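Good morning, everyone, and thank you for making time for this.

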Amino acid sequence: MNSAIPYAQALTNLTAHAQPPLRPAELSRSALLAQYHPDSDANASTLLQIGPSRGQACHPQLAALLQSNALIDGFDLAGAEQRSTDVLVIGGGGAGAAAALTAARSGAQVMLASKLRLGDSNTVMAEGGIQAALAASDSPQQHFDDAMRGGHQCANPQLLAQMASDAPGVIRWLIELGMHFDLEDPLSDGGKLRYKQAGGCSQRRILCYRDYTGLEMMRVLRETVELDPAISLLNRCPVVELLSHEDGSCAGAVLYDLEYQRFMVVSARQTILATGGCGRLHLQGFPTSNHYGATADGLVLAYRLGAGLRDMDAFQYHPTGVAWPQRLRGGLISEAARSGGALLVNGLGERFIEELAPRDVVSAAILRECAAGRGIERNGQLGVFLDTRALGPELAQRLPALQHLADKCGIDPSREPMLIYPTLHYQNGGVVIDGNGQTEVPGLLCAGEITGGIHGRNRLMGNALLDILAFGRRAGRQAARLAQAARHKSSLPPLRGGIEHVYRWQRQLALAGLDASVQAPLLYPGQARLALHRPTGTRAQEK
Amino acid sequence: MSETIRISIDGKVVDATPGNSILHTRLEGDTPLTANIGCMGQGVCGSCRCLVRKAGERSAETRLACETTVEDGMQVSFIDYYLPNHVHHYRPHDLRDGWQALPQLQQTFPELAHCRHCSGCDRACPRHIPVQQGMALAASGQLEAAAALFDACIMCNLCTLACPENIRPNHVGLYLRRAQAIQNLRPGDLLRRLEQQARGELAINTRSDTPRSEA
Ligand SMILES: Cc1cc2nc3c(=O)[nH]c(=O)nc-3n(C[C@H](O)[C@H](O)[C@H](O)COP(=O)(O)OP(=O)(O)OC[C@H]3O[C@@H](n4cnc5c(N)ncnc54)[C@H](O)[C@@H]3O)c2cc1C
Ligand code: SF4
Ligand code: SF4
Ligand code: FES
C-alpha cells in the first residue's frame, strides 16, 4: 500500500479546523482524469484480437473473457431437456422484467431465465432515482443535452433521444403497474412529484422513491412478472451459451438448471439478453457496488456469436464506496450525501475537490490523494474521509439508507466521518444496438446495462434506471413483433439450433494463438468455480 | 491476523473471522454460491435469508445473512426460495376500480380472513415490520394504513413462510400498495407532458450543439 496517514492522526487533523481548508488544485480536471482515473491507467486497456470488434480498445480482464473458450461442447446438448418459446429473455433485473412483460403484452409466449432469483440484481440496489423531464421548465431536449455532455459527446444521438423521449411514458407505465414516487404534495395537481438534482444536470429532474427507488421498482416488476400467465419463469437457470442457426442468426440459448443440475436447450424465435454489467470482475483491483451476478456473462456470449461491442474501456467508478470496515468494502454511499453537504477530506484535514464535480473527476481526485500519501489508513484499509457531520442529526431521517449503512459500519455519521474509496459501479459501454434493441446478430436483442452507446463514455445519475426500462420495453415489443411474423410463416415450433458458432470461434482462437483453456462466461464471481454436471449414462434415468 | 471462530453453515463447520457477516463467511468456502445471495450487504434483495441459532440458545431466528455478524458457535441454515403454487393471479389492470377494493381484496386473498394472530410473521420479519397488524388492518378494510406498514418490505418472503394460514402477508401488502398508486397517482406534470408528446411536440433535435465545456 502507498504510505498513508494513520486514522487517529487523520481524525486529529480533521478536528483541528472548524472548516476544512480547500487545497489548491494542482491539476486541471482533464489532467486529473488522464493521470488518476482508473480507465487511464496504462494497463487498463488492450486491443481485441478476434471477433466483430477486433482492433477496438477493451479492458484486459474483460478481453480475456471475451476471447475465451465456451463452457460446453456438442455432447452437452445431447441429453439436455428441450424447450421452445417465442421469446426467451435472459436476466432478471429491470431490463429483463420490462422486456418480458412487454413481449407478453404484445402477444408473445415468453420464457424468462435468471441466474439468481428474479430481482436479485443491480436494479434492486439503486437508491437515487430515475430521470424524466416532466417540469414545465424542462424538456426532453434538455435531458438529451445534459446526457450528451455528461457522456463526453460520445453517445449515439438516436438512442439517447429515444431514451429521453420515452421517459414520460416509462413513468406512466411504472405507475400503471403500481410503483410509487416521492411526492412534494400528494393533494395538489394529482400528486405533485418531487424532483431531485443530479450531478451534471441543468434542472432538477430525478424522480425517486425515498432512497430505495430500485427496491420499489423491482418489487413491483417482479410481482407483475410472477403473476403473468404468459411468462414462464426459470430462476437459477444461468445461460451458459447461445444457440445459432446455420446462417449465423441466434436460435435461443443453452441454460444450466441448477436445481436439477442439467442442461436445458431453449429454442426461441427471438432472444433478449439482459444480463447487466460486470462490476464483480473487480477491474483494476477495485471493490464494487454491484450485485453478486454482475460478471459480464451476456457480453461474452453475444460477442462470441458475432455482436459488436463499443466503449469497452470506459467504466464508472463511483467516488464514495465504503473503505472501512473491510467486510462492507465497495458498498455504495449515495451521491445524496454529498448533495446534502457532506465533505471529502484527506488525511491532512484538507478538502481537495468540489464534492459535486462529475463522478469521474471526484474519483480521480480521491485516487490522487491516496497516491500522494495523503490518504488515510484504518486497519489496513485505505481511503479518504467523507465528513457527514455537517448533515447533522436529521441525517437519519433524510437518508435512511445511509444511516442504516453507517449503523452497520458502527459509525455515528453525525459525529464521525466515514472512510471511503472509489468503487467500480457501472459499465458505460456494451453491446451495440439499434433503436429497437436489435444487435448485429439477427434474432438477438439486448437491453439494459449490457448495451453500449446510450450514455457514451460516462452515465449521469438516474439515466440507467430509465435506459433499462425504455430499451427493455422496446426490445420486448420488437422481439414479440418478429416472433409473430415468424409464426405466421410457419406454425411449427422454432427450429433447433446448434453451436456451430462455438467451433468457428475456437478456430479463430487457435489462429490468433489465444489461450483456449480459459473458459467463460464466469457465472459466479467467487474463488470456487461451479462444476457443470456432465451428461452420463445415468442421465436418461434421472427423469 | 485476529483470532478465528467457528460456526456451522448448513451442517458444515467453518472458520470465520470475527466481524464478518454470515454471508461473507459462506462465500469464503470452497463451494460456489449459486443462491441465497444478491446485493451482498445492502440488505435490500432479501435473498440471503437463513435460520440462525446462537450458541446455547434453544430457538432459532430468521435473519438476513449479509446483515448478521458471525458469533462463535452459531448454527446457520439457509432457506431456499421457492414459488408457492397456491398463488392467486391478478393483473395490475384489475386494480383500477377503487370502488371494488374490498371485495377484490377478499377474492384475491381469501385466506386473509383466517388469521389466527399467532405473530409468526412478526417474529420472522428482519425489517421489524408489524406484519400481523398490517393483516388485521387489511382484513378490517383499512387499506391505506395497512399498505403504509409495508413501505420498507424487501420481499424476503419470510413472513409468507412463517404463516400457517398461507396468507402471504408481504404479497397482500404489496398488492395494497400497488392498488393505491394505480388508483390515485395522476401527476399533473406527467399528464401534461404526455399530452404534449401525443400532439407531436417536443421532438428532440439530435444535432443541437451543446457546448463542449468541461464543467
Ligand atoms: C448500488 C447501486 C446503485 C445504483 N443507483 C442507481 C440510481 O440511483 N439510478 C440509476 O439510474 N441507476 C443506478 N444504478 C445503476 C442501475 O441500477 C443499473 O445499471 C441497472 O439497474 C441495470 O439493470 P439491468 O436490468 O440491465 O441489470 P441488472 O439489474 O443487474 O440485472 C441483470 C440480471 O441478469 C442476471 N444474470 C447475469 N448473468 C446471467 C446469466 N449468465 N444467465 C442468466 N441471468 C444472468 C443477474 O443475476 C440479474 O438478475 C445503481 C447501481 C448500483 C449497483
Ligand atoms: S414483511 Fe415479510 S417479506 Fe417483507 S421484509 Fe418482513 S418478512 Fe420479509
Ligand atoms: S403468521 Fe399468518 S396467521 Fe399468524 S399472525 Fe401472521 S398473518 Fe396471521
Ligand atoms: S444479499 Fe441481499 S439482502 Fe442479503
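I will begin with the conventions, then take the domains, the chain interface and the ligands.

This is a predicted model, in which local features need pLDDT of at least 70 and side-chain atom pairs count only at pLDDT 80 or more, while totals for chains, interfaces and linings use all residues. Residues are numbered from 1 along each chain as its sequence is written, chains are lettered from A and ligands numbered from 1 in the order in which they are written, and side-chain values use heavy atoms, with hydrogens and water left out.

Of the area that domain 1 of chain B buries against domain 2 of chain B, B:Arg49, B:Thr62 and B:Leu64 supply 67%, more than any other three residues. Between these domains of chain B there are zero salt bridges, a salt bridge being a side-chain nitrogen of Lys or Arg within 4 Å of a carboxyl oxygen of Asp or Glu.

Turning now to the interface between the chains, 69 residues from chain B and 70 residues from chain A take part in the contact. About 5,900 Å² is buried between chain B and chain A, and carbon and sulfur atoms give 54% of this area. Here B:Thr34, B:Arg193 and B:Ile204 supply 11% of the area that chain B buries against chain A, which is more than any other three residues.

How many salt bridges are there between chain B and chain A? The count is six, and in one pair A:Arg210 forms a salt bridge with B:Asp151, with the closest N and O atoms 2.8 Å apart. On the side of chain B that touches chain A, helix H1 (22–27), helix H7 (169–184) and helix H8 (188–198) of chain B each supply at least two residues, helices being DSSP runs of H or I with at least four residues, numbered from the N terminus. H7(B) gives the most to that side of chain B, with eight residues.

Finally, the ligands. Ligand 1 lies between chains A and B, and of the 42 residues around ligand 1, those that come nearest are A:Thr123, A:Gly128, A:Asp297, A:Glu449 and A:Leu465; a residue is near a molecule if one of its heavy atoms lies within 4 Å of it. An oxygen atom of ligand 1 is 3.0 Å from a polar backbone atom of A:Asn122, and a backbone N or O atom of A:Gly94 lies 3.2 Å from an oxygen atom of ligand 1.

Around ligand 3 the residues come from chain B, including B:Cys115, B:Cys118, B:Cys121 and B:Cys163.

Definitions and conventions: Buried area is the accessible area (1.4 Å probe) that two parts lose on being put together, summed over both. Contact means heavy atoms within 4.5 Å. A polar contact is a pair of N or O atoms within 3.5 Å; within protein, one must be able to donate a hydrogen and the other to accept it, and residues adjacent in sequence count only if both atoms are side-chain atoms.
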